[in-house]
Amino acid sequence: MSNTKNTEESQDSQESQDSQDSQKSRKQTDNNTSTKRPSPMEVLRQARGQLAELTGMEAESVSSFERTEGGWALEVEVLELERVPDTMSLMASYQVELDPDGQLTGYRRVRRYERGRADARRSGGR
């Protein structure tokens with residue numbers, strides 16, 4: 001009976017150790033996940049969502065996106081005023097700045113235009 005009791009105690013001890021090891025491993029994984037930088041696609045999604053929450057306007061597209069020393073810089077196109085026909089709707093470009101974790105640190109409107117208008121470009125030879 002003594003051998004059975006020792007075997008049961010040994011198994012209980014091993015199960016307890018396995019459970020502790022599993023919990024430590026999960027905590028390490030959670031810590032690594034929380035310090036991991038977001039991917040570019042995660043940054044884009046976060047930026048669009050945060051800008052929409054702040055301005056009340058949904059982002060239609062991201063026209064530029066780059067990593068900077070301080071985080072991320074984006075230019076986001078937003079529908080500001082819907083008109084009929086759609087080509088007369090008023091659009092805006094917003095410059096959006098984010099920290100390295102993808103949290104919005106600032107934004108400003110840099111351009112406003114009608115959806116149907118192309119940028120005026122100068123011809124080099126004319």
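A residue counts as buried here when its relative accessible area is under 20%. With that cut-off in hand, welcome to this predicted model, in which buried residues make up 24% of the 126 residues in the protein.

**The whole chain**

Let's begin with the overall layout. The protein has 2 helices and 4 strands, and reading from the N terminus the order of elements is α-α-β-β-β-β.

**Strand β3 and its partners**

How many residues of strand β3 are buried? Of the 9 residues in β3 (residues 90-98), 7 are buried, so the strand is mostly covered by the cut-off given above. Strand β3 pairs with β2 (residues 71-81) and also with β4 (residues 104-114). The table sets out the two pairings, each with one of its bridges.

| Strand pair | Bridges | Direction | A bridge in the pair |
|---|---|---|---|
| β2 and β3 | 9 bridges | antiparallel | Val78 with Ala92 |
| β3 and β4 | 9 bridges | antiparallel | Leu90 with Glu114 |

**The hairpin**

Which residue in the hairpin of β3 and β4 takes a positive phi? That is Gly102, with a value near 90°. The hairpin has 5 residues between its two strands.

Note on methods. Residues are numbered from 1 along each chain as its sequence is written. This is a predicted model: local features need pLDDT of at least 70, side-chain atom pairs count only at pLDDT 80 or more; totals for chains, interfaces and linings use all residues. Side-chain values use heavy atoms; hydrogens and water are left out. Buried means under 20% relative accessible area, exposed over 50%, partly exposed in between (1.4 Å probe, protein chains only). Two strands pair if DSSP finds at least two bridges between them.
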